[in-house]
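Colleague: I have a new model open on my screen and would like to learn how to read it. Could you walk me through some features?

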Amino acid sequence: MKKRIFAVLTAVLMGISAVNVYGAKKESMSAAWIATVYGSDFPKTKTAKEQKAEFEDMLDILSDKGINTVIVQVRPKGDALYESDINPWSDVLTGVQGKYPGYDPLEFMIDEAHERGMELHAWLNPYRVTTSGTDLLKLSDDHPARLNPDWVIEHNNALYYDPGMDEVKRHIADTVEEIIYKYDVDGIHFDDYFYPNNYPLGKGEGKDGKEADERREHVNDLIQDVSRVIKRSGRDVVFGISPSGICVNDESGKYGSVIRGSESYYSVYADPRVWIENEWIDYITPQVYWETTHSTAAFETVVKWWVNEVKGTDVDLYIGHGLYKDIVSEQIGEQLEILEKYSLVGGSFFYSARDILNNRMGCADAIEKYYDKKADKKEPVNNTPPVTVPEVILFEAEAIYSASSVLIDGKKVNFEAYNIGGYTYFKLRDVAMALNGSAAQFDTLWDADRQRIDIVTGISYTPAGGELKTGNRTNKHAVLSSASTGLNGEDIYLLAYNINGNNFFKLRDLGDAIGFKVDWDAASSTIVIKTK
């Protein structure tokens, strides 16, 4: 075995830094909401073949404009654009609620998004049952609201699940759990609808009274339940909510000027500050749907309010833009430039996809220009060769947990991975399991007498158990591995660290040795493996 040369170096002493794209936080989120209620953005057609072509065309256009994430409404009215055991098929697919559309739209949409290097977040409206009408008999026979009429409340000629019922909370949490276990979604997303808007309080109750506070607690219970379901699953799925742009009015001018408008804290009993403070959500996307010159809710003033709310937390902040308004579409380039001032703003969501597709007031051109300019800024400014950074090799180190998403021949696989000394390391057995059956499959053999790992290519992997678990998402203690490595009987040197008894290697090192290609898709912050 070749001698290891140990270098105890730090980037500070050398005046340089090692940058590793694997496991890095997404640099900028650029997302489009795709609404399905009323067939607003999708689908405009009724057959499986037409809908597939329609969605493919939509993704191609959005991707060309710089969109790297789609937020697809998969549960518009207590129903489903996916195969569900607890919610009926949505009527937006065929015109008839409960009717099988001939394919699984969510599975298809995920595959198409991932093929283009885009993320897909499943957008659910948690409580809405109908948009108009209160006749439960018009719902499909298997709709939970029809089967459980006591779960339902009426308001303004529409039906909603009662947020105060424990059975409703469990049903919505079960809905989320079903989606994340059956589908390779990148996120779960709730919109701004909670209690029906201005749902009346009981006689003598005020907006800060006992009943109002109880309603807010019921909503908080649901958010916490969904957060627990996602975290308990161990899946690499983020949870985000897009509340109304104004939580409460700022009568003091604390955030630079007075903010006035409809307050979600009182109108729908949503309190996003609690979700942020408790970090029940991974990201928040307030709908800052106003122009820069609005008299009581100017765009930047509202943005500042939200920046202050996420400060000091691990909750990511993205800003929602209302392209459905001509004035916002006209100003979208300016609004995106304004966000550059705020380091805590991680990107933008655009409502909605159809406005980008229709290039409303030139918004699609402005969005494309903005993201093209951002991409150009990342290009080298001259032809000076890059500085080679010596690799820092440590006897022992803290392994920083890094949930890593990898596309293997177009299919997403989640790994437990750790950052050590600026590089991300993957468990050898996880890689073997993930590549099993592919052109780059290999097995691992352990020679205890020689303390040697032998990699044998071209044969299927024999699982040992526990592969491809994402772990408990905490940092670990890593020790430089003392095991030697062989490849098809020949000595080979691969740097490895031992973490909790498992050997972790760099993915590119394994790819170079075994024969699979590893690329980095910067647009989607995704590692891409091609085995052929």
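Colleague: Are tyrosine 82 and tyrosine 183 buried or exposed?

Modeller: Before the answer, some ground rules: this is a predicted model, where local features need pLDDT of at least 70, side-chain atom pairs count only at pLDDT 80 or more, and totals for chains, interfaces and linings use all residues. Residues are numbered from 1 along each chain as its sequence is written, and side-chain values use heavy atoms, with hydrogens and water left out. "Buried" means under 20% relative accessible area, "exposed" over 50%, and "partly exposed" in between, with a 1.4 Å probe and protein chains only. Tyrosine 82 is buried, and tyrosine 183 is buried too.

Colleague: What kind of aromatic pair do tyrosine 82 and tyrosine 183 form?

Modeller: Rings of Phe, Tyr and Trp (its six-membered ring) pair if their centres lie within 6.5 Å; planes under 30 degrees apart count as stacked, over 60 as edge-to-face and the rest as tilted. The count by this rule is 23 aromatic pairs. Tyrosine 82 and tyrosine 183 make an edge-to-face pair, with 6.0 Å centre to centre and 75° between the planes. Helices (H or I, at least four residues) and strands (E, at least two) are DSSP runs, numbered from the N terminus. Tyrosine 82 sits in the loop between strand 2 (69–75) and helix 3 (91–94), and tyrosine 183 in the loop between helix 6 (166–182) and strand 6 (187–190), so this pair ties together parts that are 101 residues apart in sequence.

Colleague: And why is the pair of tyrosine 283 and phenylalanine 349 tilted?

Modeller: The ring centres of tyrosine 283 and phenylalanine 349 are 5.8 Å apart and their planes are at 50°, so the pair counts as tilted. This pair also links distant parts of the chain, 66 residues apart: tyrosine 283 is in strand 8 (residues 283–284) and phenylalanine 349 in strand 10 (residues 345–351). Tyrosine 283 is buried, at a relative accessible area of 2%, and phenylalanine 349 is buried at 0%.

Colleague: Which rings have the charged end of a lysine over them?

Modeller: A charge sits over a ring if NZ of Lys or CZ of Arg is within 6 Å of the ring centre and within 35 degrees of the ring normal. Lysine 207 has its charged end over the ring of tyrosine 266, 4.4 Å from the centre. Lysine 506 does this with the ring of tyrosine 423, also 4.4 Å from the centre.

Colleague: Now for sheets: what is the strand order in the open sheet of 4 strands?

Modeller: Strands of a sheet pair through backbone hydrogen bonds, either parallel or antiparallel. Two strands count as paired if DSSP finds at least two bridges between them. The order here is 16-17-19-20, with mixed pairing. Strand 16 (442–447) and strand 20 (490–492) are the edge strands, each pairing on one side only. Strand 19 (residues 484–487) runs antiparallel to strand 20, joined by 3 bridges, and leucine 487 stands opposite glutamate 490.

Colleague: Which strands does helix 15 touch?

Modeller: Contact means heavy atoms within 4.5 Å. Axes are lines fitted to C-alpha atoms, for helices over the stretch in contact, and angles run from 0 to 180 degrees between N-to-C directions. Helix 15 (residues 507–514) packs on the sheet and touches strand 16, strand 17, strand 19 and strand 20, its direction making about 55° with that of strand 17. Helix 14 (residues 428–435) lies across strand 16 and strand 17 (452–457), at about 150° to strand 16.

Colleague: Which residues of helix 15 are buried?

Modeller: Leu507, Leu510, Gly511 and Ile514 are buried in helix 15. They cover an arc of only 100° around the axis, which puts them on the same side of helix 15. The arc is that of the directions from the helix axis to the C-beta atoms.

Colleague: Where is there a hairpin?

Modeller: Strand 14 and strand 15 form one, with 2 residues between them, and glycine 421 in the turn has a positive phi of about 60°. Strand 14 (residues 417–420) also pairs with strand 11 (residues 396–401), antiparallel, over 2 bridges. Asparagine 419 is the bridge partner of isoleucine 400, and threonine 424 in strand 15 is a bridge partner of asparagine 419.
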